[in-house]
Amino acid sequence: MDDLLYMKMAIDLAENGRGHTSPNPMVGAVVVKDGKVVGKGYHEAYGKAHAEVNAIDDAKEHSYGATLYVTLEPCNHFGKTPPCTKKIIESGIKRVVAAIKDPNPDVKGNGEQLLRSNGVEVTFGVCEKEALKQNEIFIKYIKTKRPFVIVKCASTLDGKIATKTGDSKWVTNEESRQFVHKLRHYTDAIMVGIDTVKRDNPNLTTRINGINGLNSVRIVLDSRLSISEDAFVLNQDVDSDTIVVISDLALDKAILQKKMRLEEKGIKIIKAPSKNNLINLDILMDMMGSMGITSLLIEGGSRVISSAFSNKIVDKIFFFYAPKILGGDGVSICSGPGPVLMRDSVMVKEIGIQKFGDDILIEGYI
């Protein structure tokens, strides 16, 4: 029972690093001696000390003979920081309780082996399910080198994300929109299609009340580079990139000249293969992964969302439903060719439901 209590404490600590540790995992750690917490720590940001080091430093001499609770198997390799196993052994920690083993296939089990060989007792599996969910982004990326993909949409009860004129401000309430800005803060990149840019002219920046949120990389799918050079998304004075993805078939002179002008402004233009006259999202995910993008939030529009599902790149959904009914024509959540039979629908599992005022959020995994 004590193991469960202290591991939950470590998981709560790890959550403080959300949005700041990518491409590293979120990790929390607690040092316990004689039934008392003597040290706490978490991985605060990429390149900074790991959770175990912070917790042991917080505990100081009380680490000797203590138990360390940590949400992920301690590392045994040099990266931006020295291996945590060395710090644990030198501190005199006698027992390590870890929620999950390191999912990195190149290092899995190395930390455990070194600790055991130095007389440290090691236990795994406490709060394993919670720890796996907390680091689902890191786990997907480290195993596949492809981003964890989330689709978010805001819809009326009859499945419309905009009216027939394209008006979408606002489908959901302020509370729901604040949650979306937190999602932006937590993910490495946001992706929309060119139709969304032309219709809404979004900034795609992060605006969280009372918090200095991080701005994700902004990605626009625009096969023919038809985006207006005055679009807000191309003119943001922020510390993250804007990337426009064009088709590898977009080669005419006007496109190449426009590409040069945008690149002179600092906009990144990349070419990706086409599939059925659309950007091939499956191949694009490999490209995003090679750029170090570990997580991607797809915010629309309807063709992009439909393409994401048909290309089977989606890991998770956040579907917001407002208590509104358009009751007529409008822009649906997905548009384009879909399956002929209901049995071929995309199935969603592990459903979770939250309320934001009168809005309802459905969360689930593909």
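1. Angles under 35 degrees count as roughly parallel, over 145 as roughly antiparallel, 65 to 115 as roughly perpendicular and the rest as oblique. Helix α2 (residues 51–59) packs against helix α3 (residues 84–91) at an angle of about 25°, the two axes lying 9 Å apart, and α2 and α3 are therefore roughly parallel to each other. The axes are lines fitted to C-alpha atoms, for helices over the stretch in contact, with angles running from 0 to 180 degrees between N-to-C directions; the helices (H or I, at least four residues) and strands (E, at least two) are DSSP runs, numbered from the N terminus.

2. A word on the basis of these remarks: this is a predicted model, in which local features need pLDDT of at least 70 and side-chain atom pairs count only at pLDDT 80 or more, while totals for chains, interfaces and linings use all residues. Residues are numbered from 1 along each chain as its sequence is written, and side-chain values use heavy atoms, with hydrogens and water left out.

3. The crossing of α2 and α3 is left-handed (the near helix is turned anticlockwise from the far one by less than a right angle; clockwise would be right-handed). On the α2 side E52, V53, I56 and D57 take part, and they meet C84, K87, I88 and S91 of α3, where contact means heavy atoms within 4.5 Å. By class, the residues of this contact divide into 4 nonpolar, 1 polar and 3 charged, given that Ala, Val, Leu, Ile, Met, Phe, Trp, Tyr, Cys and Pro count as nonpolar, Asp, Glu, Lys and Arg as charged, and the others, Gly among them, as polar.

4. Helix α3 also packs with helix α4 (residues 110–117), here at an angle of about 20° and with axes 10 Å apart, which makes α3 roughly parallel to α4. The crossing of α3 and α4 is right-handed, and the residues that make the contact are T85, I88 and I89 from α3 together with G111, L114 and L115 from α4. The contact of α3 with α4 comprises 4 nonpolar and 2 polar residues, and no charged ones.

5. In α2, the buried residues are A51, E52, V53, A55, I56 and A59, buried meaning under 20% relative accessible area, exposed over 50% and partly exposed in between (1.4 Å probe, protein chains only). The elements that cover them include β1, β2 (36–42), β3 and α3. After α2 comes K60, whose phi is positive, near 55°.

6. The largest nonpolar core has 35 residues, and those with the most contacts inside it are M7, V31, L68, Y69, I88, I93 and V96; such a core is a set of buried Ala, Val, Leu, Ile, Met, Phe, Trp, Tyr and Cys residues joined through side-chain atoms within 4.5 Å. Two or more residues of this core come from each of α1 (2–14), β1 (28–33), α2, β3 (67–72), β4 (95–100) and α6 (136–144). A second, separate core of 30 residues includes M191, L281, V314 and F319.

7. I88 deserves a separate remark: leaving aside its neighbours within four places in sequence, I88 is in contact with E52, I56, L68, P74, I93, V96 and L115. V30, placed in strand β1, counts as buried at 0% relative accessibility. With neighbours within four places in sequence again left aside, the contacts of V30 are Y6, M9, A10, L13, V37, G39, A55, T67, L68 and Y69.

8. Of the 9 residues of α6, 7 are buried, so α6 is largely enclosed by the rest of the structure; these are E136, I137, F138, I139, K140, Y141 and I142. Just after α6, K145 takes a positive phi of about 60°. K145 lies in the loop between α6 and β6 (148–155) and, at 41% relative accessibility, counts as partly exposed.

9. H185 lies in helix α7 (residues 174–186) and counts as buried at 8% relative accessibility. Apart from neighbours within four places in sequence, H185 is in contact with R18, G19, H20, T206, I208, G213 and L214.

10. A cis peptide bond joins S22 and P23, with omega about 5°, and P23 is found in the loop between α1 and β1. The peptide bond from K169 to W170 is also cis, with omega near -10°, and W170 is found in the loop between β7 (160–163) and α7. N201, although not a glycine, has a positive phi of about 50°; at 27% relative accessibility N201 counts as partly exposed.
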